[in-house]
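Visitor: Before we look at anything, could you show me how to read a model like this, feature by feature?
Guide: Gladly; here is the model to keep beside us.

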Amino acid sequence: MDSSNGHAAKPGTPYRLLTGRREPLERICNILRNRTSQAVFLMAGPGIGKSTLTEAITERLAQEMIIVQIHGSSSLSGVPFGVLAPYTAELTAEDSVSPVAVLRSVWRYFEKLKAGKDTPLLLMMDDAHHLDEATASIVADLISAGWATVLAAGRPRPGLPQPLAQLWYDGLADRVDLRPMNREQIEEVLSHALDGTVPAGTIDTIWGASGGNPRILDALLHDAAERGELAKRNGIWMLLGALPADGPRLTEVVVKDMLRRSPEEQEVLKLVALAGPVSRKVIEDTFGAEVVRTLLDQQMIVESSGIPADLRIWNSVFGEALRTSISVSRSLQLLEKIRDQLGAAPEGSEGRMRAVEWALECGLKISDPELLEAAGTALVHSRNRSSRTIAAKVTDPDLVPRAQAVQARALFNEGDFVGAAKLLDGCWLQLGNGAWAVPVFMLRAVAHQALGTPLAVFAADSREALQGAGAMTAGPDAVPPDSQAAPGASARPWQECLLRLLELGEAGSHQALEAEVQELRSSRTGDGMDDAVRAVGLALLAHSLASAGRAVQGLDTALMAASELPSLQGGVFFFNEFVLGRLVADYLAMGEWDSAERELANYAAGQPRGVAYFGGSLEVLRGYSLLRQGRMERAYQTLLPAVETLRLNDPLQMFRFGSGLAFYVAARLGDAAQASRLELDYKDSPQGSTGDGLLAKAYAAAASEYVAHDGKGLASLHTLATTPEVTTRAGTLLELLALCWDLGDHSVIPLVHSLAGSVEGRWAAAMLTLARHWESADADSIMDTAAMLEGAGFVNLAREAYARSNTVLESSGERRRARQAVALREKCDHELGERFREGHFIAAAPSVHLTRREQDIVELAVQGLTDREIAQKLMVSVRTVEGHLYRTYVKLGVRSRDELASALPH
């Protein structure tokens, strides 16, 4: 890749497409071509790509204009007319400093280039912020006289020389500000650079690390690909580890930048990289205010808005790369140089964390309380390796258990659940009843769940350990002998309360959970431990209520759980995500798709850019929402990258659920290869929670039926529907029956009719309406139902109603109205999602291969036969015809019969 340009190609491959910068490229070229302005000033910070953009403009306009290039230089910025020397060589020493003589000489040079032709002349000036005032005045005269069109590229700080800036103030020049690339532009670059799908989490991490700077982006991509940290898994580009800050490409970028700077500037940059955020006053007292102002103008350091103001390197990855290039001895020298000025510890927690990291790098001794605070801060800032390293140095026996908990969370973030569980097993009892106790207990529970430990085993082991430690007697009704519980408060230890809540949540017993939560709410003590236990209970109850068909009540409960979160921030357990997943699940159970998406979007917007531990889990929820809406292609494009993300790190234990959903969607869309792979993923995955496990099992059974068409998958669904785990969960049962209905099993419609009325939410109400009118022979009633469902946002259900209406109308001989129903059904197909040929999903798009049955049905459809006529001719059901046509549309990337003939493979 070329640096500083936003170009894109496969790592290690040259490229020339100006990806991500097409809009300014076209805009500037149009201005220069049409001469709507005599000059364009292109302003951008370092590494943003202004030089490459000017090169692209030069290439684009080379056949239309005579182009003269001038490059500003810091070494010539104090020499009058220094950069114009190639065009004034014939002048005498006296004339070479005369503005009039220089202007005439440049004008003669231009006329010689034009050779009497009427071709316009374009003066391209890169690094125009380095132009001396005299040269800038000459260029301004050329522009004012209309002798040349000018494109001047420079940095906004310090900006262009005054004569050029004045032209913009006077309206004689246009200004185009080239800013760091936004997320969409980064995505565009990656889509050109990488052959395959790049999931949202990878895009966000790369965008966050690069800061939208093309030069840093280019270096990071090369280094990550070279080290194998950026790798293609099942057609999807995944980050298998942290982006390297010490790779050769990024190191080269840093070294080249430092070589262009004065010794004083180099020292300041090194010091800010090592200490930042560091007080501006400390740096100015050590090196002087002028060098600080220069680096601020060059945007190499940035200043906080607080008082006192802090300085830090403009890009954290650049700063980290610069730190790695500094030897330990030199780092220690710089620390000694400013130690007196630093005085007390920095004001902010991030500054104190960096001070601790720097001291440790230099081999200095740090107190254990400072180490523990710095480790926790590093954890908050997603610096997992640093957090583990710092926490491991804590030796105070009273602080070691907390330090081990911090290390465990860092390992958990990195997907090392074995290491996390081992540390947590060793420290959780030692934390007693303090503020750390509940978060550590919950983190230990989910770490063991991630290892596949059954909850019953975890609970038994925990009770045994507590009994051995004298914290409680064994059993769910345990009461410590010296309990001093307040009147009305729960007499059980909090550990037993949590275990009981987890067990009831696993069993899906919402009545018992309600009783437990009510007891917790009535026995408020006002401490953080009480809030944490109550938040867990409310979240588990919310999920249980949704499964039981009481999603509206579940939503209210989830919102109550969310109200407990403000007091639970900053610990080692992810209470926010624990509650969010259940809140979104309640919205989805109700059929409130937009509300679920809003919660997911709000959460993502509040996270630091590039931090995506929970990205795979949340993308599974987003894919699940799309699936429930019938938007299969978009669900496919969402779920497959999500499954690959969860394969690396699955903090909420959703891999089994996600792979089951992805298996289902792949089977629905006829992608046999992906379906086969995802089926193995599903079968090999750990069980997870019972609620999600039941849904995963149901979707996997339906997927098997779509793949084999042998009735076994449908039989499995019927068997599952009769199990106690499902029959006690009305919401889950209704979703399972809907899967049977989608498979063409109309025998479940009476069950849907009788069950849906007892299930809360808009989706259940829509299912009830569809079931009520399905068996009716009144086509008008069914059409009205379809229109109502479509208007309510249940387009997939509306599609089924239009298909049913078509069947009724066909049987009564009303072929004209039947065609109207088909057209409305196809309109729903169109609305339900993009086809593969329009989407960004590359890796898993199925090849065009029609089965023999699909070929037979398509051939008859192209001849103009209706679904019923095709069914009669082939002696299959109308539903079978509809299903085969739908899968054929997906394979061929079409939306209607009208497009079939032209899309068929020849």
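The dialogue below goes through strands, crossovers, a loop residue, salt bridges and a helix.

Visitor: What kind of model is it, and how are the residues numbered?
Guide: It is a predicted model, in which local features need pLDDT of at least 70 and side-chain atom pairs count only at pLDDT 80 or more, while totals for chains, interfaces and linings use all residues. Residues are numbered from 1 along each chain as its sequence is written, and side-chain values use heavy atoms, with hydrogens and water left out.

Visitor: How is strand pairing defined, and which strands make up the open sheet of 3 strands?
Guide: Helices (H or I, at least four residues) and strands (E, at least two) are DSSP runs, numbered from the N terminus, and two strands pair if DSSP finds at least two bridges between them. The open sheet here has the order E8-E10-E9, and its pairing is antiparallel. Strand E8 (278-279) and strand E9 (301-303) are at the edges with a single partner strand each, so one side of each has no neighbour in the sheet. E8 is joined to strand E10 (residues 310-313) by 2 bridges, and Ser-279 stands opposite Asp-310 in E10.

Visitor: Is strand E3 (residues 121-126) enclosed by the rest of the structure or exposed, and why?
Guide: The scale comes before the case: buried means under 20% relative accessible area, exposed over 50%, and partly exposed in between, with a 1.4 Å probe and protein chains only. In E3, 6 of the 6 residues are buried, so the strand is largely enclosed by the rest of the structure. Both of its faces are covered, with Leu-121, Leu-123 and Met-125 buried on one side and Leu-122, Met-124 and Asp-126 buried on the other.

Visitor: Which strand pairs with E3 over 6 bridges, and what is the handedness of the β-α-β unit?
Guide: A crossover is right-handed if, with the strands pointing away from the viewer, the path from the first strand over the helix to the second runs clockwise. Strand E2 (residues 66-71) pairs with E3 in the parallel sense over 6 bridges, with Val-68 opposite Leu-123, and E2, helix H3 (residues 99-114) and E3 form a right-handed β-α-β unit. From E3 the chain crosses through helix H4 (residues 133-145) to E4, and this β-α-β crossover is right-handed. E3 and strand E4 (residues 149-154) pair in the parallel sense over 4 bridges, and the bridge partner of Met-125 in E4 is Ala-152.

Visitor: Where is Gln-299 placed, and which residues does it touch?
Guide: Gln-299 lies in the loop between helix H12 (289-297) and E9, and at 28% relative accessibility it counts as partly exposed. Contact means heavy atoms within 4.5 Å; not counting residues up to four places away in sequence, Gln-299 touches Gly-45, Pro-46, Pro-156 and Trp-314.

Visitor: How many salt bridges are there?
Guide: The rule asks for a side-chain nitrogen of Lys or Arg within 4 Å of a carboxyl oxygen of Asp or Glu, and by it the count comes to 47 salt bridges. One of them joins the side chains of Glu-90 and Arg-108 at 3.7 Å, N to O. Glu-90 lies in the loop between E2 and H3 and Arg-108 in helix H3, so the pair ties together parts that are 18 residues apart in sequence. Another salt bridge joins Arg-463 and Glu-496 at 2.8 Å, N to O. This pair links distant parts of the chain, with Arg-463 in helix H21 (residues 455-468) and Glu-496 in helix H22 (residues 494-507), 33 residues apart. Arg-463 and Glu-496 are both buried.

Visitor: Which residues of H21 are buried, and which are exposed?
Guide: An α-helix has 3.6 residues a turn, so residues three or four places apart point the same way. In H21, the buried residues include Phe-458, Ala-459, Ser-462, Arg-463 and Leu-466. They cover an arc (taken from the directions from the helix axis to the C-beta atoms) of only 130 degrees around the axis, which puts them on the same side of H21. On the other side, Ala-456, Glu-464 and Gly-468 are exposed, while the buried residues pack against helix H20 (437-450) and H22.
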